Amino acid sequence: MNITRCPFRIGLAGGSTDLESFIQSHGYGSVINFPINLYTYTITHKDVLGRNADGNYVVNYSKREECKMVDIKNDVVREVLLHFEKEPCMITLMSDVSSSGSGLAASSSYMVSLVKTISQSLGQELSNYECCKLALKLERKFNPLTGYQDPYGCGLGGLKRLHFTEGEPPEVQELDSSILKYFDVSLVHTGIVRSSTDILKTVTPSQNLLNIVDAMEQAIVTKNDNDFCRLINEGWEEKQKTSRMICNGDINTIDYMLSKTKGVVAKRLCGAGGGGFFLVFSELGAYKYVKEKFPSGYKVKLNEDGVKIL
């Protein structure tokens, strides 16, 4: 039995500049992100006398499938198994975040986790970076709008800046994460489930998003918490200009409520927008006020490991 976990990722700046269309148009994209202590889990196992011995794959997630490899409906599982030509086995997918359309790159987290699990079971020692590279290639088979930051943001630990140059592998720049210790960091769910693909089809990112990434890196390096918060808020304002689908009435209401919550100093919607989770930065000790107003709020922290075999 093999068990692997992979964290979800949080984007701080540069979202949408990691899309292939932006990189092709501008020649370059860049984001700052980090994984958190919420995970997807993949478990693989081969039975001896059961379904696998009969030549069937058994896949358990929100549904259960028993079938031949090519008939598997779960896109992540099917593409990974086809790539590795893995013999019949049982695969179980689980997650700390049950809602789809979270804006936390759940699909990419599952993909990186399963690539790590299956490769390890076959005796292939892939580095976390190599797992992310392969995960992106496989996910784009069924979702060509998958951004670079999703697998690399989930699979690689720590606070980092990712550089994307057309025709080149992503460059990973590690950043000092101590600035995150100045805040209580939490997630607040909007209660809205959306398709990121539908939104990404409408997004037109501006060059100014890259300027915010540059300024964000400087704020992190100099540990300037005021600039850090200001840039998160500016990035959220800039993000809203890229597509009319990013916000709606409910999201605007939550956004306003957060801005009026005691101790909240910065916030932005995670992922492509349209629903999912708000990322909230509060003064140290002020998370309790977020929790009072939003009982579903959840305090998170940085993950240092990335994808990991347990």
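Me: Which side chain does the side chain of R9 make a polar contact with?
Reply: That would be D150, with the two side chains 2.7 Å apart at that contact. Keep in mind that this is a predicted model.

Me: OK, and where is R9 found?
Reply: R9 belongs to strand β1.

Me: Is R9 buried or exposed?
Reply: R9 is buried, because its relative accessibility is 5% and the cut-off for buried is under 20%.

Me: What else does R9 touch, leaving out residues up to four places away in sequence?
Reply: Quite a list, including N33, F34, P35, G103, L104 and A105. Q149, G153, C154 and G271 are also among them, along with D150.

Me: Switching to helix α7. Why does a span of 20 Å agree with what it should be?
Reply: Helix α7 has 14 residues, 208-221, and at 1.5 Å a residue they should span 20 Å; the end C-alpha atoms are 20 Å apart, so the two agree.

Me: Which residues of α7 are buried?
Reply: They are L209, L210, I212, V213, M216, E217, A219 and I220.

Me: And what covers them?
Reply: The cover includes strands β1, β2, β6 and β7, plus helices α1 and α8. So β1, the strand that holds R9, is part of the cover over α7.

Me: What happens just after α7?
Reply: K223 takes a positive phi there, about 55°.

Me: You mentioned β6 and β7. In which sense do they pair?
Reply: Antiparallel, over four bridges. K160 stands opposite E174 in β7.

Me: How many residues sit between the strands of that hairpin?
Reply: Five, and in this hairpin G167 takes a positive phi near 85°.

Notes:
Residues are numbered from 1 along each chain as its sequence is written. This is a predicted model: local features need pLDDT of at least 70, side-chain atom pairs count only at pLDDT 80 or more; totals for chains, interfaces and linings use all residues. Side-chain values use heavy atoms; hydrogens and water are left out. Helices (H or I, at least four residues) and strands (E, at least two) are DSSP runs, numbered from the N terminus. The expected span of a helix is 1.5 Å times one less than its number of residues. Buried means under 20% relative accessible area, exposed over 50%, partly exposed in between (1.4 Å probe, protein chains only). Contact means heavy atoms within 4.5 Å. A polar contact is a pair of N or O atoms within 3.5 Å; within protein, one must be able to donate a hydrogen and the other to accept it, and residues adjacent in sequence count only if both atoms are side-chain atoms. Two strands pair if DSSP finds at least two bridges between them.
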